[in-house]
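The following report describes a predicted two-chain model.

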Amino acid sequence: MDVPRIVLGVIGADCHSVGNKILDAYFTEAGFHVVNLGVMASQDEFLDAAVESNAGAILVSSLYGHGLIDCEGLRQKAIERGLDKILLYVGGNLVVGKTPFAEIEKKFKDMGFDRVFSPHDDLTEAVKLLRQDLEDRKR
Amino acid sequence: MKYQPLPWKDFLAQRPAVLDSWPTGKDVASIDEGLRYQRGIPESKNFAKAMAKAKAAGRTLLQPRAGVALIDDHIRLLRFLETEGTADLLPTTIDAYTRQNRYEEAARGIEKSRAAGTSLLNGFPAVNHGRDGCRMVTEAVTKPVQVRHGTPDARLLAEISLAGGFTSYEGGGISYNIPYAKKVEVGKCLRDWQYVDRLIGYYEENGITINREPFGPLTGTLVPPFISHAIAILEGLLALEQGVKSLTLGYGQGGNVLQDLAALASLRELADEYFHRAGFDGYDLTLVFHQWMGGFPEDEAKAFSVISLGAFVASAGRVEKTIVKSPQEAVGIPTKESNAAGLKATRQVLSMMMDQQICTDNVVIRRETDLIRREVDSLMSAVFAAADDDLVQGIVRAFAGGILDVPFAPSIYNKGKVLPIRDNEGYIRLFAKGSLPLGEDIMAFHKERLQERSKAEGRPVTFQMVTDDIYAISKGKLIGRPK
């Protein structure tokens, strides 16, 4: 069976490194091939890594509140790079100030993200969704 | 070890390039203009004086974290925190773009924040706002204000913010690099911080005391006290070397109360010992305790409890200052009301505890202080041995060799081989020591304590246990027990 490939990283000028190390360990353990960019990854680094590794999904983390600024245009750039079918996930503390999650989710979905996660989502659930979404994209 | 300040001519040789790195730098070309401005600031707004007074009175001062993109909004926020929140000391937290010297992105963040009618930056972009913008902020409040950030190259920010009326500056060449950056060389960052400390030393020589606070908690994630203590003491030595006189060393709450009290007691003692041994005198040492820096519960009632436990330890540990969290910590940057609520909760505990003396002289705390002391001494002597009389060189070599190693840090110059785990009582111990130069007797104790937990939980000590511990407090417990 093909090992599904994913690109993981913390976007922008964000240096929150703890969750990134845990996500890396968790998704690796769950059977994914993880290309981990670590912290402070630019949009181009995400896309370069996705092209090079032929990844099915990009998992973007943002913990410091600049999520909206840092993620803007990622979907368009992905399309320009020929990554038409790539899944874009985003999760973390995505905006400055307490905001209802539904509002945050809508903003990021409008920006072209396929799924949006809060800090309290369960990782087992995320793995399940990712597998399902990757399967669906193949069809 | 030889301690000598950066020669003033070397400082001045660097300075034009620092000031040229963003247009607002030219406004602070005259250091003397900045000094004159600082002389006009009332004593009640000098951070160093406030810390010294708290020490003499045996009081614990409260300080929040706060910063937004626009000057007017930032002033409103700080005023709210000093009135409604009764903060004793104010912060100005700097945004993450400025911390990486990405001033153009900070400029875009300012514009977008104006357009959005809300801050899209996670802090105050002080370099972009420049000297006069900083003065508007520091003049608008009645309490001393500190720059709090996470900037590896903080030279321009220091020049602008000190000339702008801030009287305390957080950070250090290790604590603002290893946990805050990915690819900044250890030696480069240490030298950039020598510049910052030398600038503050120059202010000191000219009669203006600026408080300096190395960032104690590092990654804020299960950092054993001895690792953060060794780094705090090293940064203290580097600051004193450049002429800094008001020094506040920090420690972040670990969660086990007795370990935290032992950590606070030993930090004060060890720092004084190392500073005196190095020949430094006439400095003013104070302590800051950071309320829990790891993940918080989402439920605000539960978050208040985490805050209150931290407030208790700050009080029992007799620190001069505590940095306060908000009940919205789990979702990121709090509203001003939530920030003030964290301050009020902390104030309530501190006031109730004010006249009580908690006995910290007991057999367990002595066991822990003794352990921390032996661990810190092991690291410090290995750093000194690697130094060849040059402390910067010693620290560079220590990170390269894993003599210093910060758990979970993002820097590629940090080995990242140290793994901490809680023992069966919640003390932070070492599961993997990496290349830390710790003796067999010390490691045998860590191992024995972890075996106890392993037995109690009926599972081996593994990375899963580390992960469970990292999320435990956000899920309502101290120790990450299996379900």
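Which strands of chain A does helix α6 lie across? Helix α6 (residues 123-138) of chain A lies across β3, β4 and β5 of chain A, and runs at about 165 degrees to β4(A). Axes are lines fitted to C-alpha atoms, for helices over the stretch in contact, and angles run from 0 to 180 degrees between N-to-C directions. Helices (H or I, at least four residues) and strands (E, at least two) are DSSP runs, numbered from the N terminus.

The model is predicted: local features need pLDDT of at least 70 and side-chain atom pairs count only at pLDDT 80 or more, while totals for chains, interfaces and linings use all residues. Residues are numbered from 1 along each chain as its sequence is written, and chains are lettered from A and ligands numbered from 1 in the order in which they are written.

**Sheets**

Each chain has an open sheet with parallel pairing, as tabulated here; two strands pair if DSSP finds at least two bridges between them.

| Chain | Strand order | Strands |
|---|---|---|
| A | β2-β1-β3-β4-β5 | five |
| B | β1-β8-β7-β6-β5-β4-β3-β2 | eight |

In the sheet of chain A, β2 and β5 (115-117) are at the edges with a single partner strand each, so one side of each has no neighbour in the sheet. Strand β4 (residues 87-92) of chain A pairs with β5(A) over three bridges, and Gly91(A) has Phe117(A) as its bridge partner in β5(A).

The sheet of chain B, with its order β1-β8-β7-β6-β5-β4-β3-β2, has β1 (61-63) and β2 (90-93) at the edges, each with a single partner strand. Within chain B, strand β5 (residues 211-213) pairs with strand β6 (residues 246-252) in the parallel sense over two bridges. Asn211(B) stands opposite Ser246(B) in β6(B).

**Helices of chain A**

α1(A) lies across β1 (5-10), β2 and β3 (57-62) of chain A, at about 170 degrees to β1(A). In α2(A), Phe46(A), Leu47(A), Ala49(A) and Ala50(A) are buried (20 or more other C-beta atoms within 10 Å of the residue's own; exposed means 12 or fewer, partly exposed in between; C-beta atoms are placed from the backbone). Seen down the axis of α2(A), its buried residues fall within an arc of 160 degrees, so they line one face of the helix; the arc is that of the directions from the helix axis to the C-beta atoms. The face turned away from the buried side of α2(A) carries the exposed residues Asp44(A) and Glu52(A). The buried residues of α2(A) pack against β1, β2, β3 and α4 (74-80) of chain A. Asn54(A), which follows α2(A), has a positive phi near 55 degrees.

**Val39(A) and the chain contacts**

Val39(A) is in the loop between β2 (33-36) and α2 (43-53) of chain A. Val39(A) counts as buried because it has 25 C-beta neighbours inside 10 Å. Beyond its neighbours within four places in sequence, Val39(A) is in contact with residues including Val10(A), Lys182(B) and Pro410(B); contact means C-beta atoms, placed from the backbone, within 7 Å.

In total, 22 residues of chain A are in contact with 29 residues of chain B. On the side of chain A that touches chain B, α1(A) gives the most, with four residues.

Note on methods
Contact = placed C-beta atoms within 7 Å.
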